[in-house]
Amino acid sequence: LLMMILSHASSSRGNAYTISDGKTYLLLEAGISFNKLRRKVSKVVPDYDACLISHEHGDHSKAIKEVLKSGVEVYTSNGTAKALNLKHHRLNTIKSKESFEIGTFTILPFDTQHDAKEPLGFLIYSNYLKEKLLFATDTYYIKYKFSGIDYIMIECNYDLDILNSNVAAGKLPKAHKNRVLQSHFSLKNVIRFLESTDLSKVKKIYLLHLCEGNSNEKMFKEKIENKFYREVEVFPA
């Protein structure tokens, strides 16, 4: 048995993923409309054991109020909950480096670097499959070291050369470039992070949240596969 990892949306227009160890079902992010989410997910939304939200930006949290209303427990930071003005009996606020359990999963949140109130990444361990998944999106840097990971779901938003050529060609304003540099993970920084991570157990690397126009799906996949000799899947928008 292997962990199930599905993408329903992965871009600046919206993000939503399902992970399951066959016992517990988690929705990671709810950044598309609730109707779209219901159409895309293989399960009925209330069947999820919980939903984790990394931060308050709409492409990660759009459907969160409807998800709560549908009967799903939501876990996010206090900063995110406040930014979204969330108040609900199914809302659970969590803190960086304080682990908690949902069904067969033990989850350790960690702080990420993004222009949001209290953004988090998640280290998710299945006590049933004895497998560990790292989920990190919308961050320009990860300050922690991880080991014993089986799956990596990581943002690979842009390539600096492509971004610079788009600014030079007048396709992007310089201010937009500066925001991207201070809030998203570049291909170069993903490679640096992977170099400093113990990949000995890694079965697969998933690249998330590619920026349309500032990325190259084929090049990103080839570069990381050729450097780390691990299977790479790019989640399309």
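1. Cys156 has 0% relative accessibility in this predicted model, so Cys156 counts as buried, the cut-off being under 20%. The structure holds 0 disulfides.

2. Next, the sheet. It is open and built from 7 strands in the order E7-E8-E9-E10-E11-E12-E13, with mixed pairing. Strand E7 (100-102) and E13 are the edge strands, each pairing on one side only. From one strand to the next, the twist averages 20°.

3. E9 runs antiparallel to strand E8 (residues 105-111), and 7 bridges join the two. Within this pairing, Thr106 has Tyr125 of E9 as its bridge partner, while Phe105 stands opposite Ser126 in E9.

4. E9 is also joined to E10, by 5 bridges, and these two strands run antiparallel. Here Tyr125 stands opposite Lys132 in E10. The two strands form a hairpin with 4 residues between them. Lys130, in the turn, has a positive phi of about 60°.

5. H7 lies across E10, E11 and E12, and runs at about 150° to E11. H8 packs on the sheet as well, where it touches E12 and E13; the direction of H8 makes about 160° with that of E13.

6. Which residues have the most contacts inside the largest nonpolar core? They are Ile152, Ile154, Leu194, Ile205, Leu207 and Ile224, in a core of 26 residues. The elements that give two or more residues to this core are strands E10 (131-136), E11 (151-155), E12 (204-208) and E13 (231-234), together with helices H7 (187-195) and H8 (217-228). H7 gives the most, with 5 residues.

7. Leaving aside residues up to four places away in sequence, Leu194 touches Ile152, Leu199, Ile205, Ile224 and Phe228.

Conventions:
Residues are numbered from 1 along each chain as its sequence is written. This is a predicted model: local features need pLDDT of at least 70, side-chain atom pairs count only at pLDDT 80 or more; totals for chains, interfaces and linings use all residues. Side-chain values use heavy atoms; hydrogens and water are left out. A disulfide is a pair of cysteine sulfur atoms within 2.5 Å. Buried means under 20% relative accessible area, exposed over 50%, partly exposed in between (1.4 Å probe, protein chains only). A nonpolar core is a set of buried Ala, Val, Leu, Ile, Met, Phe, Trp, Tyr and Cys residues joined through side-chain atoms within 4.5 Å. Contact means heavy atoms within 4.5 Å. Two strands pair if DSSP finds at least two bridges between them. Axes are lines fitted to C-alpha atoms, for helices over the stretch in contact, and angles run from 0 to 180 degrees between N-to-C directions.
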